[in-house]
Amino acid sequence: MLVVAALGGNALLRRGESPDQCVQRHHVAEAATALAKVAADHQLVVCHGNGPQIGMLALESESDDQLTEAFTLDVLGAQTQGMIGYWLVQELANAGLPGPVAAIVTQTRVDPGDPSFAAPTKPIGPLYDEQRAQELASAHTWSIAPDSGGWRRVVPSPAPLTLVEEAVIARLVAEGVTVVCGGGGGVPVVGEAGRLRGVDGVVDKDLTAAVLAAALGAERFVVLTDVPGVMRDFGTPDQELVRELRVADIEPGDYPAGSMGPKLAACADFVRRTGRPAAIGSLEDAALLVAGEAGTAVSL
């Protein structure tokens, strides 16, 4: 069956780790091993996150004295797609994935009037203490917000409408190609007078992956993260895994907007569009998630 998997950017660079190439390549190799187990039995499409990576590039760009103008987030999003896509394609092949693998730099259409442009919510980049975050916000005109254990930069995150390259991805899938696409939610673009242009923002990769999964007719949509699934009473001694959730029981305010909230929203969107099941869980349990034997299952 066709499986669309959304791979979190924090799975490739974890909180507090140095953003060195060797660190990220190590995590990509681990991710590829888990994904290859899924691809051994199913047709696979992978969408990956880029929050830590695009935040790092944005800080470098804004701190570069040789530039008269910092690179915009759409351009940096394309850069991270190329970098992470290259790593994933190579490591999937190294993990013994059968058949061809290809990465595509993807554009995602968004509404230029999306309210997120006026109210940034998407966290990117590293975690800072409040004082350092305030200093950077002042120096670079950032919006910042508290995150688990500190503060991070937040940027506009418009809702995905469609993927420009959707038909190309569908053709590759029909030919049996394992596709890496929709990286970082895809480069956000708007259409004006028959022309596309990039906009300054970062689309949520889980929501983009759900839109793509529905468009491709995927039988299963899985969100891969660094926790076993949706946890009741998370962070307390009484926390426990929620094995099943129905869409009607998911309330937007019940889960953090910067972490589990978008993942559940993406699963619910896919389930509503298709009537087919989705799941959230640990990357290392990817094959079990697809089989319905681990994580949190989301259904009608």
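Leucine 245 is buried, with a relative accessible area of 11% (buried means under 20%, exposed over 50% and partly exposed in between, using a 1.4 Å probe and protein chains only). The model is a predicted one, in which local features need pLDDT of at least 70 and side-chain atom pairs count only at pLDDT 80 or more, while totals for chains, interfaces and linings use all residues. Residues are numbered from 1 along each chain as its sequence is written, and side-chain values use heavy atoms, with hydrogens and water left out.

Leucine 245 sits in strand E15, residues 244-246 (helices, H or I, of at least four residues and strands, E, of at least two are DSSP runs numbered from the N terminus). Setting aside residues up to four places away in sequence, leucine 245 touches Val230, Ile250, Tyr255, Leu264, Thr296, Ala297, Val298 and Ser299, a contact being heavy atoms within 4.5 Å.

Turning to aromatic rings, a search of the whole structure finds two pairs. Rings of Phe, Tyr and Trp (its six-membered ring) pair if their centres lie within 6.5 Å; planes under 30 degrees apart count as stacked, over 60 as edge-to-face and the rest as tilted. Tyrosine 128 and tryptophan 142 form a tilted pair, 6.4 Å centre to centre with 40 degrees between the planes. This pair links distant parts of the chain, 14 residues apart: tyrosine 128 belongs to strand E5 (residues 122-128), and tryptophan 142 to the loop between helix H4 (130-140) and strand E6 (143-147). Both tyrosine 128 and tryptophan 142 are buried.

The ring centres of phenylalanine 221 and phenylalanine 270 are 5.6 Å apart and their planes lie at 45 degrees, so this pair is tilted. Phenylalanine 221 and phenylalanine 270 are buried.
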